[in-house]
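Okay, thanks everyone, let's get going.

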Amino acid sequence: KNYFNNEELNQLYSRINSSSVKYNDISARINEFYISQLNISMDDRGDRLKIDRTITFAEKNLNGDKFYNFLLDLGYVCLTGGKLNLASEIFRKIKKDSDSEKIKAQALLALSDIFSRRADWGRSLQLIDEASIIFNLENDNKGLSKCENLRGTIFGDKGDFESAKQYFLNSLSFINPDEEKELAANLETNLGIIENIQGCTEASLLHLNNALSKYLVLNNHARIAEIKLNIGMVLHEAGQFELAEASLDECIELSKNKGLYPTLNLAYLAKSHVLISEEEYGYAFEFAEKAMDLGNSLDDKLTIADAYKIK
C-alpha cells in the first residue's frame with residue numbers, strides 16, 4: 001500500500017493467488033494441543049510465480065529508486081518467511097541493477113544476512129565489509145549500525161561472545177535509540193541473548209523485556225515472536241519450565257499465524273528442549289522431527305544440525 005493505489009493492488013492480487021501445501025504428517029501418539037502447534041501450511045508451490053509476477057508488475061508501475069526500495073521490502077518479506085533462495089535472487093538483482101550506492105549497500109547487507117543464516121560466515125563478513133565501505137562514504141550511521149549488529153550476530157553464532165557483545169555496543173553507539181526504536185530494540189535483544197549465554201539471567205530478561213515493550217509499540221509481529229522465543233529459552237535455562245513453555249507457546253501461535261517459519265522452526269527446537277527437561281521424550285522427538293522437516297524446507301543448516309543433536 002506504500003507503493004500502489006487500490007486499483008493497482010487489486011490488479012496485483014488477481015495475478016498472484018495460489019494454493020497452499022499442508023505439512024501435516026504428525027504422529028498419532030501426540031496430543032491434540034501439540035498437533036495444532038505442529039500442523040502448518042506453507043505456500044511453496046506458488047511462491048516463485050507470485051514473486052515473479054509481483055516484480056514484473058512493480059517494474060511497470062514504479063520508477064527509479066522507488067522500484068528498488070520496493071524490491072528491498074519484498075526481499076525482506078521473503079527473508080522473514082524463510083524463502084532464502086527467492087530473497088537472494090531479489091537482493092542480487094538490486095545489487096546488479098540499482099544506480100543508488102545506498103540501496104546497493106542495503107542489498108549487500110541483506111545478502112550477508114542470508115549467508116549468515118546458512119552458516120557461511122566468511123562470505124557473510126566479506127559482504128558486510130563491502131556494505132560498510134559504502135555506508136561510511138555515504139555518512140550513513142544507521143547502515144553502519146546494522147553492519148556492526150550483524151557482525152555481532154555472526155560472532156555470537158561462532159561462539160565468540162565477548163567480540164559479539166563489543167560489536168553490539170559499537171552498533172548502539174552509531175544511533176540515537178529514541179529515533180531508531182526498532183534497531184535499538186534489536187540490539188537490546190542481542191545483548192539479552194549474550195547476557196543469558198554468560199549466565200546473567202536477570203540482566204538477560206531485563207534486556208529482552210525492554211525490547212519486547214518497544215516491539216509491542218511498533219506492532220512488529222516478527223520481532224515479538226523472536227522475543228517470546230528468546231524469553232522462553234532463558235526461562236528454560238533458569239529451570240522455570242512451565243513459564244518457558246508458556247512463552248514458547250505464544251511464539252509458536254504468533255509465528256504460525258503470521259507465516260514466520262524461521263522463528264517457528266527455532267521455537268520447535270526450543271520446545272523440544274523444554275519437553276526433554278520435563279521427561280516428555282516422545283513429544284520432544286515429534287517437535288525435533290518437525291524442526292528437521294521444516295529446516296530442510298528452509299535450507300537452515302544450523303537448525304537441522306540442532307535437530308539431529310536433540311534426536
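Let me start with a contact: A225, E226, L229, M233 and H236 in α12 meet T263, L266, A267, A270, H273, V274 and S277 in α14. By contact I mean heavy atoms within 4.5 Å. That set of residues splits into seven nonpolar, four polar and one charged. For the classes, Ala, Val, Leu, Ile, Met, Phe, Trp, Tyr, Cys and Pro are nonpolar, Asp, Glu, Lys and Arg are charged, and the others, Gly among them, are polar.

Quick housekeeping before I go on. This is a predicted model, so local features need pLDDT of at least 70 and side-chain atom pairs count only at pLDDT 80 or more, while totals for chains, interfaces and linings use all residues. Numbering runs from 1 along each chain as its sequence is written, and side-chain values use heavy atoms, with hydrogens and water left out. Helices are DSSP runs (H or I, at least four residues), and strands (E, at least two) are too, numbered from the N terminus.

Now, how do those two helices sit? The axes of α12, residues 221-237, and α14, residues 261-277, come within 10 Å and cross at roughly 20 degrees. The axes are lines fitted to C-alpha atoms, for helices over the stretch in contact, and angles go from 0 to 180 degrees between N-to-C directions. So α12 and α14 are roughly parallel to each other; the cut-offs are under 35 degrees for roughly parallel, over 145 for roughly antiparallel, 65 to 115 for roughly perpendicular, and oblique for the rest. The crossing is left-handed, meaning the near helix is turned anticlockwise from the far one by less than a right angle, with clockwise being right-handed.

Staying with α14: 13 of its 17 residues are buried, so the rest of the structure largely encloses it. Buried is under 20% relative accessible area, exposed is over 50%, and partly exposed is in between, with a 1.4 Å probe and protein chains only. Just after α14, E279 takes a positive phi of about 60 degrees.

Compare that with the other pair, α5 and α6. The axes of α5, residues 84-97, and α6 come within 9 Å and cross at roughly 155 degrees, so these two are roughly antiparallel. α5 also passes α6 in a left-handed crossing. Among the residues that meet here are F91 and I94 in α5, and L108 and L111 in α6. By class, this contact has 11 nonpolar, one polar and four charged residues.

Next along is α7, residues 121-137. Which residues of α7 are buried? They're S124, L125, L127, I128, A131, S132, I134 and F135. What covers them includes α6 (101-117) and α8 (141-157).

N139 has a positive phi of about 55 degrees although it isn't a glycine. Worth a remark, since most residues other than glycine have a negative phi. N139 is at 68% relative accessibility, so it counts as exposed. N219 has a positive phi of about 55 degrees too, and isn't a glycine either; N219 is in the loop between α11 (201-218) and α12.

Last one: E195, in helix α10, residues 181-197. Buried or exposed? Buried, because its relative accessibility is 12%. Leaving out residues up to four places away in sequence, E195 touches K165, C200, A203, S204 and H207.

That's my list, so over to you.
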